[in-house]
Amino acid sequence: MSTLRLRALNPGVPSEIERVALGMQATLIEVEGESIGRALHSLDWLRQRVQWHLDHACAAVWLAVVDDEVLGHSLVRAEPASPEEPLDEGLWGLITTSYVWSAFRRRGIARQLLLHDEAWMRDQGLSHARTWTGANNGPLIALYERAGYAIAQRAAHTGSGRPMVCLARDLRLA
């Protein structure tokens with residue numbers, strides 16, 4: 001296999017936006033199940049969400065690629081803390097989604113995307129990072145825990161009602 005590269009999504013290439021939207025849908029299906037995962041968000045909505053991250057002043061969409069093939073992605077942004085979350089800077093770095101296509105898993109790609117996301121957050125001056133996932137998403141939870149994250153919050157998914165967990169970490173401790 002050629003060398004893996006992490007790079008920003010090219011907004012002028014519709015197939016890259018489509019690949020990320022499909023990966024976002026695949027994540028929902030894996031975590032929520034086929035019927036709920038497909039019903040939560042249409043592919044059109046997911047494409048628009050990718051575009052929102054591309055247009056947002058403090059957000060990014062990263063691709064893990066080999067040659068021209070997209071093996072995985074992550075979407076990351078700065079997000080305001082709620083009043084009950086006292087942060088020095090008042091913003092969280094949020095990994096809204098990350099996904100590695102099943103044929104390319106167990107190769108360290110998700111870990112490389114996570115490290116890249118954290119570096120981007122630090123470059124933006126963010127001191128804390130978090131992500132939300134289904135409480136049943138054992139592989140992702142384990143990945144984040146190995147990287148120093150801990151479950152900071154539990155809640156029901158606003159769309160499906162299924163149990164979710166928020167994994168968080170102080171980036172200054174790295």
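Me: Where is the place of Ala8?
Reply: In this predicted model, Ala8 sits in strand β1, which covers residues 4-8.

Me: Why does Ala8 count as partly exposed?
Reply: Its relative accessibility is 41%. Buried needs a value under 20% and exposed a value over 50%, with partly exposed in between, so 41% makes Ala8 partly exposed.

Me: Which residues is Ala8 in contact with, leaving aside its neighbours within four places in sequence?
Reply: Val61 and Trp62. For these pairs, a contact means heavy atoms within 4.5 Å. As for Leu75, that residue is 67 residues away from Ala8 in sequence, and the two C-alpha atoms are 10.0 Å apart in space.

Me: Now the salt bridges. How many does the structure hold?
Reply: Nine. One of them joins the side chains of Arg7 and Glu16 at 2.5 Å, N to O.

Me: What makes the Arg47 and Asp44 pair a salt bridge?
Reply: Their N to O distance is 4.0 Å. The rule asks for a Lys or Arg side-chain nitrogen within 4 Å of a carboxyl oxygen of Asp or Glu, so the pair counts. Both residues lie in helix α3, three residues apart, or about one turn of the helix.

Me: And what about the side chains of Arg47 and Glu18?
Reply: They meet in a salt bridge as well, at 2.5 Å from N to O. Arg47 is in helix α3 (residues 43-55) and Glu18 in helix α1, so this pair ties together parts 29 residues apart in sequence.

Me: Which residues are linked in a network of salt bridges?
Reply: Glu18, Asp44 and Arg47. Each of the three is partly exposed: Glu18 has a relative accessible area of 25%, Arg47 has 28%, and Asp44 comes in at 42%.

Me: How do you know that Glu16 is buried?
Reply: Its relative accessible area is 9%. The cut-off is under 20%, so Glu16 is buried.

Me: How do the axes of α1 and α3 cross?
Reply: The axes come within 9 Å and cross at roughly 120 degrees. The crossing of α1 past α3 is right-handed.

Me: Which residues in α1 meet which in α3?
Reply: On the α1 side there are Ile17, Glu18, Val20, Ala21, Leu22, Met24 and Gln25. They meet Leu43, Leu46, Arg47, Arg49, Val50, Gln51 and Leu54 in α3.

Me: Is His128 buried or exposed?
Reply: Buried: its relative accessible area is 12%. This residue belongs to strand β5, residues 128-134.

Me: What makes a polar contact with the side chain of His128?
Reply: The side chain of Ser127 does, at 2.7 Å. The side chain of Arg172 does too, at 3.5 Å. A polar contact must be within 3.5 Å, so the Arg172 pair makes the list.

Me: How do you know that Cys58 is in no disulfide?
Reply: A search of the whole structure finds zero disulfides. For Cys58, the nearest cysteine sulfur is that of Cys166, 18 Å away. A disulfide needs the two sulfur atoms within 2.5 Å, so Cys58 is in none. Cys166 is buried, with 2% relative accessible area.

Me: What is the phi of Asp67 near?
Reply: Near 55 degrees, a positive value in a residue other than glycine. Most residues other than glycine have a negative phi. Asp67 lies in the loop between β2 (59-66) and β3 (69-80).

Me: Why is Asp67 called exposed?
Reply: Its relative accessible area is 53%. Exposed means over 50%, so Asp67 qualifies.

Me: And Arg106, where is its place?
Reply: Arg106 is in the loop between β4 (91-100) and α4 (109-123). Its phi is near 65 degrees, again positive in a residue other than glycine. At 86% relative accessible area, with the line drawn at over 50%, Arg106 is therefore exposed.

Technical notes
Residues numbered from 1 in each chain as written. Predicted model: local features only at pLDDT ≥ 70, side-chain atom pairs only at ≥ 80, totals over all residues. Heavy atoms only, no water. Buried < 20%, exposed > 50% of the residue type's maximum accessible area, 1.4 Å probe, protein only. Helix = DSSP H or I, 4+ residues; strand = E, 2+ residues; numbered from the N terminus. Polar contact = N/O pair within 3.5 Å; in protein donor to acceptor, adjacent residues only side chain to side chain. Axes fitted to C-alpha atoms, helices over the stretch in contact; angles between N-to-C directions. Left-handed = near helix turned anticlockwise from the far one by under 90°.
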